[in-house]
Amino acid sequence: MLRNAVLGLGLLVLAGGLVLLAVQPGQAWGALLFGGLLTLGTLFERWRYKPTQTPQSARGQPTGERFVDPESGDLMEVWYDADTGERSYVRVDPGKRPA
């Protein structure tokens with residue numbers, strides 16, 4: 001929901017910059033830059049930050065790295081796939097947490 005709103009705002013500012021470019025070219029660059037960065041940043045975020053996986057769907061091996069996800073408060077474990085170089089973040093089962 002928020003992602004769509006930010007993406008819409010970025011596209012709106014980018015379109016406004018294009019209209020302004022036709023009317024007053026010297027004034028348009030700020031809007032074009034801001035709208036372009038907002039749009040590209042929002043699209044890049046979806047590609048870069050992948051959702052968490054289950055241990056059954058994660059490929060590779062656990063690295064031993066663990067951290068608490070600040071958003072959900074869950075304990076996460078990092079898995080590494082040596083073939084692809086991909087790192088996956090897997091939620092640790094509450095029954096397997098250290099005491």
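**Talking through the fold**

Mentor: Let's start on helix α1: the face turned away from its buried side carries the exposed residues Asn4, Leu12, Val19, Ala22 and Val23. Keep in mind that this is a predicted model.

Trainee: Okay, and which residues of α1 are buried?
Mentor: Those are Leu7, Gly10 and Gly17. Looking down the axis of α1, you find these buried residues within an arc of 85°, so they line one face of the helix.

Trainee: Why would residues spaced like that point the same way?
Mentor: An α-helix has 3.6 residues a turn, so residues three or four places apart point the same way.

Trainee: What span should α1 have, and how far apart are its ends?
Mentor: Helix α1 covers residues 2-23, and at 1.5 Å a residue its 22 residues should span 32 Å. The end C-alpha atoms are 32 Å apart, which agrees.

Trainee: How much of the chain is buried?
Mentor: Of its 99 residues, 19% count as buried. The chain exposes about 7500 Å², and carbon and sulfur atoms supply 62% of that area.

Trainee: On to α2. Is Thr39 buried or exposed?
Mentor: Threonine 39, which lies in helix α2 (residues 29-48), has 8% relative accessibility and therefore counts as buried.

Trainee: And what does threonine 39 touch?
Mentor: Leaving aside residues up to four places away in sequence, threonine 39 touches Leu7, Gly10 and Leu11. Leu7 and Gly10 are among the buried residues of α1.

Trainee: Now the strands. How do β1 and β2 pair?
Mentor: They are antiparallel, over five bridges. In that pairing, phenylalanine 67 stands opposite methionine 76 of β2. The hairpin has six residues between the strands, and glycine 73 there takes a positive phi near 80°.

Trainee: What about β2 and β3?
Mentor: Those two strands also run antiparallel, joined by five bridges. Methionine 76 has arginine 91 of β3 as its bridge partner, and tryptophan 79 stands opposite serine 88. In this hairpin, with six residues between the strands, glycine 85 has a positive phi near 80°.

Trainee: How many residues of β2 are buried?
Mentor: Five of its six, so to speak mostly covered, because that is how the count comes out under the 20% relative accessible area cut-off.

Trainee: And which way do the side chains of β3 point?
Mentor: They alternate along the strand.

Trainee: Last topic: how many aromatic pairs does the structure hold?
Mentor: One. The rings of phenylalanine 67 and tyrosine 89 have centres 5.9 Å apart and planes at 80°, so the pair is edge-to-face.

Key. Residues numbered from 1 in each chain as written. Predicted model: local features only at pLDDT ≥ 70, side-chain atom pairs only at ≥ 80, totals over all residues. Heavy atoms only, no water. Phe/Tyr/Trp six-rings, centres within 6.5 Å; stacked < 30°, edge-to-face > 60°. Buried < 20%, exposed > 50% of the residue type's maximum accessible area, 1.4 Å probe, protein only. Helix = DSSP H or I, 4+ residues; strand = E, 2+ residues; numbered from the N terminus. Pairing = 2+ DSSP bridges. Areas by Shrake-Rupley, 256 points an atom, 1.4 Å probe, with all protein chains shown as cover. Contact = heavy atoms within 4.5 Å. Expected span 1.5 Å × (residues − 1). Arc of directions from axis to C-beta.
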